[in-house]
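Hello,

Here is the structure I promised to pass on to you. Please open it and keep it beside you while you read my notes below.

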Amino acid sequence: MSEMEVLEGDRVKVRKRTPLGEVTYEGIVMPSSTDSLVLKLDSGYNIGIRVDETVHIDVRQRASETGDERTGEKETSYKKSEPGEVIKEGKAVVSILSTGGTIASKVDYRTGAVSPQFSTADILDAIPELAEIAEIRGRVVFSILSENMKPALWRKLACEVFDEIRRGADGIVITHGTDTMSYSAAALSFMLRTPVPVVFVGSQRSADRPSSDAAMNAICATKAATSDLGEVAVVMHGSTSDDFCYIHRGTKVRKMHTSARYAFVSVNAMPIGKVLYSQNVRDVRVMLAEDARRREEDSLTLDENIEERCALIKFYPGEDPAVFDFFVERGYRGIVIEGTGLGHVSADWIPHIRRATKDGIPVVMTSQCIFGSVCLRVYDTGRDLLHAGVIEGGDMTPETALVKLMWVLAQTSDYDEIRRMMRENMVGELGTRRTCSVQLL
Amino acid sequence: MEMDWEELGLKVGLEIHQQLDTRKKLFCGCPTVLCEKEDAVFKFKRYLRAAKSELGEVDAAAIEEAKKRRAFVYYVYESTCLVESDEEPPGELNDEALDIALEVALLLHMKPVDEVHTMRKIVIDGSNTSGFQRTALVATDGWIESDEGTVRIDTLCVEEEAAQRIGEHDQHSDADMQEYSLDRLGIPLVEITTSPDIKTPSHAREVAERIGMILRSTGKVKRGIGTIRQDLNISISRGARVEIKGVQELRLIERIVENEVRRQLMLIEISEELRRRNARVERRIVELSHIFRDTSSNVIKRAGGKVFGACLRGFGGILGIEIQPERRFGAELADYARRYGVGIMHTDELPAYGISADEVRRVREAFNASEDDCVVLIASDDIERVERAFDAVLNRAELAMRGVPEETRRAMPDGNTAYMRPLPGAARMYPETDVPPVSVDEERIERILRSLPETIEQKKERYKREYGLNEELARKIAASSSDLFEKLVKSCCRGGAVTPKLIARTLTDTLTELAREGVAVDAERIDFEEIFRMISENAFGKEAIPDILKFLSAHPDAGVDDAVNALGLRAMRLEDVERLVDEVVQSRIDFVRERGMSAAGPLMGVIMKDVRGKVDGKLVSDILRKKIASALVMEHDRR
Ligand SMILES: [Zn+2]
């Protein structure tokens, strides 16, 4: 091979001797995840070439000479768009706050780079329908993968939403990665009382593909954000078809599929609304359930403090109670257990749990069944757990119970008060009755 | 029309798509089987959005599709999974498919790439649920021999088959919605692209045939209708590059190339004529409904009486010019409109469709149009659709003044083509990051090289050499892609009546003739070995083979022996044959005297009428000759 160093973006001609004869390729050098030299040929195809003594490379044109701006790297810039003035002209104002979930992206077919788009202009460029629904203000709050989300960022997000509403937004749309969206939605549900819709949205199929659910979800979410809703919700595809989205209560929603559009499901509750989709924005319709809180029903308050030192432990057969003790010893202030069935752990855990509750560390029981309510009065183990001081998590998802416990512990350290608050339905997180017609997969 | 292809500068390239016969699909574990749409377990509906490129440009073909704003409905089967529904990331590239692709590449003297990278090729006509087709370049730079010289093979890609359109032949299907069946989506296929080295229509067919034979040599490709498709890239010096999609039958290739050349020549003539006339396209669309208030045209009544028109100045008579056999230039414009679900009518063909001469006169008046002009009408009550359709039609009319537009066209069963969409732009691919690159190491190439199959060409030559078959028979039996022939030759040819030629004929011509008579013989289920064994033992004559095959096809549970009994073919004993021959000779002794040995021919016919299939004809002929000879000797002695 030639002495010359080959850089990404260079146009090169590669000659390679093979047992089948010499072969020549010409193309642009791409980033490579293996040891191979990856070329994008003029046909658009990428190929990998093993570079060894049979290979000769000629650089035809340096990347620097083409004057082209290349690679997705810098396009992934997080252009912060200025909040801007609110211009009221009859149209509702919707703030789209970005946390890293992408609802729009651009593909550079020349380099193959996919770059997420966050600025208002770029989002409107990709989904022009949004401008027909509302006056859109875009804002990047932070830009992280949803698996890297943490309680401190929930607080920051709640404050940003609070500020946007105070500045006059008629509705908030939060773009969020889907993995931990339900935790964030639950957190904002407890931290905020809102007179306007606060809607989380994301996409299960990446925004660069023509089939992405991002645009339809964003349109339905924006429509929901201009509706009569007055609480924190998640708006995502309702089925595998592009026909409607469900509006889920922020505390009842759970991601129930790793990849499908219809991953988001209201657990132990019916969705609080539905957005009927149409290609024609004027025909997109929002339907709210009776029990959905309405616009202006609550006035705006913010209480973003939470106790982060809480753990969620999943119990499995034979699990050593030392796992439980570990968190106690590490100074955790509250523990949620995802027990079996109606809410059980093995009998040898009970003394350890009793010790923790005696020390004022609340232990909340939820179920790994996900669907159905915890009930500790049915079997002996359950009754023993109650005697050991365990608080029943009702029909809350384990994740919602964890977020709620974090928030409650920031409000009080009195064990009885903690128990009372955990058993009290604050923002629709606890149901008193569950019907047969749960929305199942 | 005789044409000088070289002078016209005809260049043809082929793009051949062949489905591979793998156990699983290219990126998921689903079987590669097709389903009946009645077996669908459910349907779902999707929309696709055109992705914008970084430069803000959208691919021409993509814009065209996006303009149509179609909903796509997909049929889901038990045999499909979330990958086909675009609800789950794809799995890794199917190794079996890659092996077959490499095998074909090596048979085509191509050089495999070191590392195969799967790409996403944007396709938003709904045929892929994701909005892109996954495709990977496997090898480049090969060649094949042909009667008219070497043809270079540029690339071989392995890619996923698209979903099957449902109701695709329904020209007037609702343009707002297109249905697809997911069973076919994801079946692996190879795409082989030749250089535009092909110079004549018959050459195109020959090259397609040769590549087809090489594909079938592997024994690992799917057979049957729809499993192989040819696309043609055709251009002439003064024309433009036109891509013709979906030629399913080889015999159509020549006609399609000829028709396309003729179409391009006609379009060039039309453009010259239009320029001479100073023709121009008026982009003013006028509602003409008032003219048709009392019309007797059903087309217009069905459209709620809504009619719109636009005027093509100087186009008078042009739309009526035939540019393909029985296809006028007006049909080209209609193709553009049809994409929006509406038809067109124009003054070159009116009065017709129940539209009266008086209505035509008033239409012309509305535009102040003379006989030199042409008014195009669209009847529809969907204003938006009318606007889009006119936009497309008027754009096409403008292109007519420049010559031949670059287009993607669809092959039709009669050898004509119809407009499909603009040529796609070159670069609309980006990496499929869900699928890791696959390294093709030298051991893999060597393993495939070692087990490379005998090509049909090589097999044919060997059959000629080893079994003395003639060219035609050797070609037919070599192309039949079954090793039955050689198996039977090895087990049944022991001299005598059963020869390789008889076996080859039986497996090719006899089966073809029976098929023509409407008898479908399932060769897999027939005990050919028994048939040929009995013939070689003189149990019955080879003439009985067609009757036996017919009987066995009608009675699937019967054996060869049953067929022989039922058909009364049980062989005559030798002495019975001799007695019969003797009787015939004696009863026609005068004829024998008169003709001598040449009486054998006619007498043979008389005897075979009775014994066909029961005795080998050769044996009868031998006995007859002996009997005639001895009869003549006796006559001679008597004198
Ligand atoms: Zn599948």
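In chain A, residues A:Ser182, A:Tyr183, A:Ala186, A:Ala187, A:Phe190 and A:Met191 of helix α6(A) meet A:Glu399, A:Thr400, A:Val403, A:Lys404 and A:Trp407 of helix α11(A). Two residues count as being in contact if their C-beta atoms, placed from the backbone, lie within 7 Å. By class, the residues of this contact are 7 nonpolar, 2 polar and 2 charged. Nonpolar here covers Ala, Val, Leu, Ile, Met, Phe, Trp, Tyr, Cys and Pro; charged covers Asp, Glu, Lys and Arg; the others, Gly among them, are polar. The axes of α6 (residues 181-191) and α11 (residues 398-411) come within 9 Å and cross at roughly 40°. Those axes are lines fitted to C-alpha atoms, for helices over the stretch in contact, with angles from 0 to 180 degrees between N-to-C directions. The crossing is right-handed, a word used when the near helix is turned clockwise from the far one by less than a right angle. Helices (H or I, at least four residues) and strands (E, at least two) are DSSP runs, numbered from the N terminus.

A word on what you are looking at: this is a predicted model, in which local features need pLDDT of at least 70, side-chain atom pairs count only at pLDDT 80 or more, and totals for chains, interfaces and linings use all residues. Residues are numbered from 1 along each chain as its sequence is written, while chains are lettered from A and ligands numbered from 1 in the order in which they are written.

Now for the sheet that takes strands from both chains. Its 7 strands form an open sheet in the order β5(A)-β1(A)-β2(A)-β3(A)-β4(A)-β5(B)-β24(B), with antiparallel pairing. Strands pair if DSSP finds at least two bridges between them. β5 (55-61) of chain A and β24 (438-439) of chain B are at the edges with a single partner strand each, so one side of each has no neighbour in the sheet. Within chain A, β3 (residues 37-41) and β4 (residues 46-49) run antiparallel and are joined by 4 bridges, and A:Val38 stands opposite A:Gly48. Where does β4(A) go next? Over 2 bridges, β4(A) pairs in the antiparallel sense with β5 (residues 115-116) of chain B, where B:Val116 is the bridge partner of A:Ile47.

How many residues of chain B are in contact with chain A? There are 40, and they touch 36 residues of chain A. The chain B side has 19 nonpolar, 7 polar and 14 charged residues. Among its strands, β7(B) gives the most to that side, with 4 residues.

Each chain is also divided into domains, with bounds from an automatic or database domain assignment. Chain A has domain 1 (11-64), domain 2 (75-302) and domain 3 (310-423); the C-alpha centres of domain 1 and domain 2 of chain A lie 43 Å apart.

Finally, confidence. pLDDT is the predictor's confidence in each residue, from 0 to 100. Chain A has a mean pLDDT of 90, with 92% of its residues at 70 or more, but residues 68-88 of chain A are below 50. For chain B the mean is 88, and 94% of residues reach 70 or more. The complex as a whole gets an ipTM of 0.90 and a pTM of 0.80 from the predictor.

Best wishes
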